[in-house]
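The following exercises ask the reader to examine a protein model step by step. Each task is followed by a worked solution.

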Amino acid sequence: MKKSEAPDKTIYWNDYYAQQKKSKGCLAPSQFAAFCLSEMIEMDISTVVDIAAGNGRDAVFFSHHSMNVLAIENSYAAVGLLEESSKHNANLSVLFHDAIDKPVKLDRNRDDAIAFYARFFLHTLSEIELNAFFMNMAKIMEMKDRLFLEFRNDGDTTRKKVTSAHFRAFHTADKVVNLAAENNFKVVYQVSGTGFAKWKEDDASITRQIIQYRSSN
């Protein structure tokens with residue numbers, strides 16, 4: 001069952017991104033992107049797969065810091081914004097893809113580690129979809145890769161939201177840890193709280209995680 005609990009999500013996100021104008025300049029990155037960039041540099045990672053990249057502000061940010069970026073999206077409207085951002089950007093490529101439907105195919109150098117990056121994506125997924133996402137990631141990630149996650153957690157349920165109402169699943173950090181473990185992942189870094197993703201009056205309660213695939217051998 002692909003999108004069992006929110007059949008209108010595709011329509012919502014197409015409408016949401018269709019209302020956003022193409023940026024004439026470089027949008028400011030999220031706080032999470034800035035945090036992740038320093039971690040990626042420390043880990044000697046130079047390739048990023050931005051899952052559900054949205055309007056591309058973080059994908060563009062990474063590409064401007066010498067990262068080779070693949071931005072993937074399941075919204076045609078968002079893909080249009082991403083393609084506009086990548087026109088003159090040799091470090092940024094765009095792919096229309098559903099990350100919970102099937103694994104993304106990568107033409108990877110086997111010696112290089114990849115950073116899989118998903119900001120504010122997990123809380124748009126039902127528990128069924130969340131498990132499908134981890135199952136797909138387990139098919140493509142290697143031990144040297146890292147998965148960087150930031151999502152609204154259960155502490156954000158009643159907090160003020162600036163964006164319009166849409167499907168949000170406020171997963172607990174423990175639920176994500178357990179689902180990850182069931183798919184042979186381990187969390188190597190985790191922090192939760194507010195002040196990490198403030199935007200206007202919306203000071204979300206979020207969880208950040210860095211996840212590593214662990215060998216089954």
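**Exercise 1. State the volume of the largest cavity and determine which elements line it.**

Solution. The model under study is predicted. Step one concerns size: the largest cavity has a volume of about 60 Å³. Step two is the count, which comes to one cavity of 30 Å³ or more. Step three is the lining, which includes V49, I51, I72, H97, F116, N136, M137 and I140. Step four assigns the lining to elements: β1 and α5 are those that give two or more residues. The largest share, three residues, is supplied by α5.

**Exercise 2. Give the strand order of the open sheet and identify its edge strands.**

Solution. Begin with the order: the seven strands of this open sheet follow one another as β3-β2-β1-β4-β5-β9-β6, and their pairing is mixed. Next, look for strands that pair on one side only; these are β3 (92–96) and β6 (185–193), the edge strands. On average, neighbouring strands are turned by 15° against each other, direction ignored.

Strand β2 (residues 68–73) runs parallel to β3, and five bridges join the two. Within this pair, I72 of the cavity lining has L95 in β3 as its bridge partner.

**Exercise 3. Describe how helix α5 packs on the sheet.**

Solution. First locate the helix: α5 comprises residues 127–140. Then list its contacts on the sheet, which are β1 (47–51), β4 (115–119), β5 (146–152), β6 and β9 (206–213). Finally, compare directions: that of α5 makes about 165° with that of β5.

**Exercise 4. Characterise helix α2, its buried residues and what follows it.**

Solution. Start with length: α2 (residues 31–42) has 12 residues and reaches 17 Å from its first C-alpha to its last, close to the 16 Å expected. Next, select the residues under 20% relative accessible area: in α2 the buried residues are F32, A33, F35, C36, L37 and M40. These residues pack against α3 (57–63) and against strands β1, β4, β5, β6 and β9. Lastly, D44 follows α2 and has a positive phi, near 60°.

**Exercise 5. Where are A52 and F120 found, and what is the phi of each?**

Solution. Take A52 first: this residue is found in the loop between β1 and α3, and its phi is near 55°, positive although A52 is not a glycine. A52 is partly exposed, with a relative accessible area of 26%.

Notes
Residues numbered from 1 in each chain as written. Predicted model: local features only at pLDDT ≥ 70, side-chain atom pairs only at ≥ 80, totals over all residues. Heavy atoms only, no water. Pairing = 2+ DSSP bridges. Helix = DSSP H or I, 4+ residues; strand = E, 2+ residues; numbered from the N terminus. Axes fitted to C-alpha atoms, helices over the stretch in contact; angles between N-to-C directions. Contact = heavy atoms within 4.5 Å. Expected span 1.5 Å × (residues − 1). Buried < 20%, exposed > 50% of the residue type's maximum accessible area, 1.4 Å probe, protein only. 1 Å grid on protein atoms, 1.4 Å probe; cavity = no way out; pocket = protein on both sides within 12 Å on 5 of 7 lines; lining within 4 Å. Points joined across faces, edges and corners; volume = space filled by probe spheres on them.
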